[in-house]
Amino acid sequence: MSLKVVIIGGGSSYTPEIIEGFIKRHRHFPVSTITLVDIEAGKEKLEIVGQFARRMIKKAGAPIELEWTLDRKEALMGADYVTTQIRVGGLSAREKDERIPLSHGVIGQETNGAGGIFKALRTIPVLMDMCHDIHTICPDAWLINFTNPAGIVTEALLKYSPHKKVIGVCNIPFNMKNSVAEMMNCAADDVQIEFVGMNHFVFGKRVWVKGEDMTSLILDKLIHQEADYSPANIVSLGWSKEFLQALGMLPNPYHQYYFQRDAVLEKDLQAFEENGTRAEVVRKVEKELFIQYKKEELNEKPKELENRGGAYYSDAACSLMESIYTNKGDIQTINTQNNGSIPDLPHDAVIEVNAVITRDGPQPLTVGPLPPSVKGIIQQMKAFEELVIRAARSGEYTHVYQAMVMNPLVQNEGVARQLVDELLEAHKEFLPQFN
Ligand code: G6P
Ligand code: MN
């Protein structure tokens with residue numbers, strides 16, 4: 001039986017990560033064709049990654065055909081799974097998302113605050129187009145979306161695109177689980193974390209190790225900094241005892257932007273002065289990676305890929321596809337519509353949640369009412385995300401402004417206006433809905 005996966009944004013430096021995932025799982029998830037797709041501007045990278053991916057597959061001896069193309073519509077023909085990992089406007093757009101807020105003394109981050117808003121504004125219309133294509137060309141295909149801001153993008157697609165087989169993924173819940181396993185000296189499969197919240201704003205509400213509730217022990221270990229599950233892109237400041245005890249849940253690394261805002265900002269401004277934005281750092285890492293990818297003798301994913309924040313995302317993406325394919329019925333943490341799992345949030349809001357994965361897709365487990373400590377902020381963040389989606393669709397200045405001023409990392413009417421004005425101008429090439 002043929003099984004085809006299409007990777008949109010195939011020229012990304014992350015692609016070897018997902019190729020390794022398919023190779024590792026080939027016995028249970030026998031992908032026969034992988035098609036990498038990219039745009040004209042990414043042609044050269046696509047070629048390099050394509051050649052390298054072929055060498056990886058050959059070395060592993062897996063019977064997978066790998067091809068690459070700039071023709072998205074043609075690539076989608078016969079697809080069973082489509083993954084996206086694109087960045088509209090490339091790293092230079094990301095650099096502006098980070099630099100402009102930082103230059104106003106506000107957190108400048110790819111998926112949070114002002115930067116995250118503009119990344120969503122650029123990305124949602126493009127992903128919406130892709131979904132239309134998928135819906136007409138390969139309507140049975142599952143779209144696994146890794147494109148950031150993954151939660152917001154997934155919500156926009158599930159609400160407004162005709163294609164409903166869409167699931168969002170992120171490596172953060174996966175990293176948290178692995179890190180607990182490391183702390184407890186056990187296998188990742190022995191760890192269960194109940195998550196509550198949304199992408200890049202998710203809390204680990206309870207943690208079980210081999211079926212036993214170990215939440216307070218893990219919190220204790222976090223207090224003593226015996227664990228650190230920050231990805232490469234986020235500074236890690238650790239958490240105070242008071243905060244963790246009051247919260248009673250595991251925060252994720254992105255929460256530092258919200259609950260240690262000033263300290264993080266200070267560190268980020270310092271890093272910005274020394275090394276420029278994260279986008280500029282990533283550009284250097286990518287350059288090095290591509291030098292490696294070009295080497296004829298390289299046929300395995302290089303270690304240096306771990307310098308990227310999204311390292312190991314393929315485990316989240318590939319195990320999800322495998323469980324859909326095998327109708328496995330296991331539990332994975334993904335982004336899907338709430339559907340009553342958290343009664344305090346709208347049914348059609350996308351949350352990051354544990355779900356049973358079968359061939360029908362994800363079925364979220366009940367989380368229950370939001371804990372009082374985080375109820376307000378989660379509802380505020382969700383309302384903010386709705387504002388962002390509305391702005392991306394309408395192209396109305398007022399809508400972006402509302403999202404900007406209501407974001408907890410901005411919350412200043414004058415600064416919000418300056419940021420909206422500067423970012424709209426800086427990104428106008430990629431924001432046709434606003435012109
Ligand atoms: C984390 C996030 C990803 C994000 C990545 C950025 O892992 O979960 O959503 O894309 O970091 O990493 P980078 O190396 O591009 O800064
Ligand atoms: Mn993520």
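Glutamate 385 sits in helix H14, which runs over residues 372-394. This is a predicted model, so please hear every number today as computed from that model. At 6% relative accessibility, glutamate 385 counts as buried, because the cut-off for buried is under 20%. What does the side chain of glutamate 385 meet in a salt bridge? The partner is lysine 382, at 2.8 Å from N to O. Lysine 382 is buried as well, with a relative accessibility of 1%. As a general point, an α-helix has 3.6 residues a turn, so residues three or four places apart point the same way.

Glutamate 385 also has a neighbour from elsewhere in the sequence. Glutamate 155 is 230 residues away along the chain, yet the two C-alpha atoms are 8.8 Å apart in space.

Now the other salt bridges. How many does a search of the whole structure find? It finds 26. I will go through two further pairs.

One of them joins glutamate 300 and lysine 59, with 2.3 Å between N and O. This pair links distant parts of the chain, 241 residues apart. Glutamate 300 is in the loop between helix H12 (278-294) and helix H13 (313-326), while lysine 59 belongs to helix H2, residues 43-60. Buried or exposed? Glutamate 300 is partly exposed, at 47% relative accessible area, and lysine 59 is partly exposed too, at 46%.

The other pair is arginine 308 with glutamate 286, at 3.6 Å from N to O. Here the separation is 22 residues: arginine 308 is in the loop between H12 and H13, and glutamate 286 is in helix H12 itself. Arginine 308 has a relative accessible area of 3%, which makes it buried. Glutamate 286, at 12%, also counts as buried.

Next, the metal. Which protein atoms are donors to the manganese ion, ligand 2? They are SG of Cys170 and NE2 of His200, at 2.2 to 2.4 Å from the ion. Cysteine 170 is in the loop between strand E6 (166-168) and helix H7 (172-184). Histidine 200 is in the loop between strand E7 (191-198) and strand E8 (201-209). The pair therefore ties together parts that are 30 residues apart in sequence. Both cysteine 170 and histidine 200 are buried.

On to helix H1, residues 15-24. This helix is mostly covered, with seven of its 10 residues buried. Those buried in H1 are Thr15, Pro16, Glu17, Ile18, Ile19, Gly21 and Phe22.

Glu65, Glu67, Asp71 and Glu74 form a negative surface patch. Aspartate 71 is placed in the loop between strand E3 (65-69) and helix H3 (72-76). With a relative accessible area of 35%, aspartate 71 is partly exposed.

Last, the backbone. In general, most residues other than glycine have a negative phi, and most peptide bonds are trans.

Proline 149 lies in the loop between strand E5 (142-145) and helix H6 (150-160).

Then there are two asparagines with positive phi. Asparagine 327 has phi near 55° and is in the loop between H13 and strand E10 (330-337). At 30% relative accessibility, asparagine 327 counts as partly exposed. Asparagine 339 has a positive phi of about 50°, although it is not a glycine. That residue, asparagine 339, is in the loop between E10 and strand E11 (350-358). At 53% relative accessible area, asparagine 339 is exposed, because the cut-off for exposed is over 50%.

Note on methods: Residues are numbered from 1 along each chain as its sequence is written. Chains are lettered from A and ligands numbered from 1 in the order in which they are written. This is a predicted model: local features need pLDDT of at least 70, side-chain atom pairs count only at pLDDT 80 or more; totals for chains, interfaces and linings use all residues. Side-chain values use heavy atoms; hydrogens and water are left out. Patches are made of residues with over 30% relative accessible area and no salt bridge: like charges are joined within 9 Å, nonpolar side chains (Val, Leu, Ile, Met, Phe, Trp, Tyr) within 5 Å. Accessible areas come from the Shrake-Rupley method with a 1.4 Å probe; for residues, only the protein chains shown count as cover. A salt bridge is a side-chain nitrogen of Lys or Arg within 4 Å of a carboxyl oxygen of Asp or Glu. Lys and Arg count as positive and Asp and Glu as negative; His and the chain ends are not counted. The place of a charge is taken as NZ of Lys, CZ of Arg, CG of Asp or CD of Glu. Helices (H or I, at least four residues) and strands (E, at least two) are DSSP runs, numbered from the N terminus. Buried means under 20% relative accessible area, exposed over 50%, partly exposed in between (1.4 Å probe, protein chains only). Donors are N, O and S atoms within 2.8 Å of the metal (3.2 Å for Na, K and Ca); water is not among the atoms, so sites may look incomplete.
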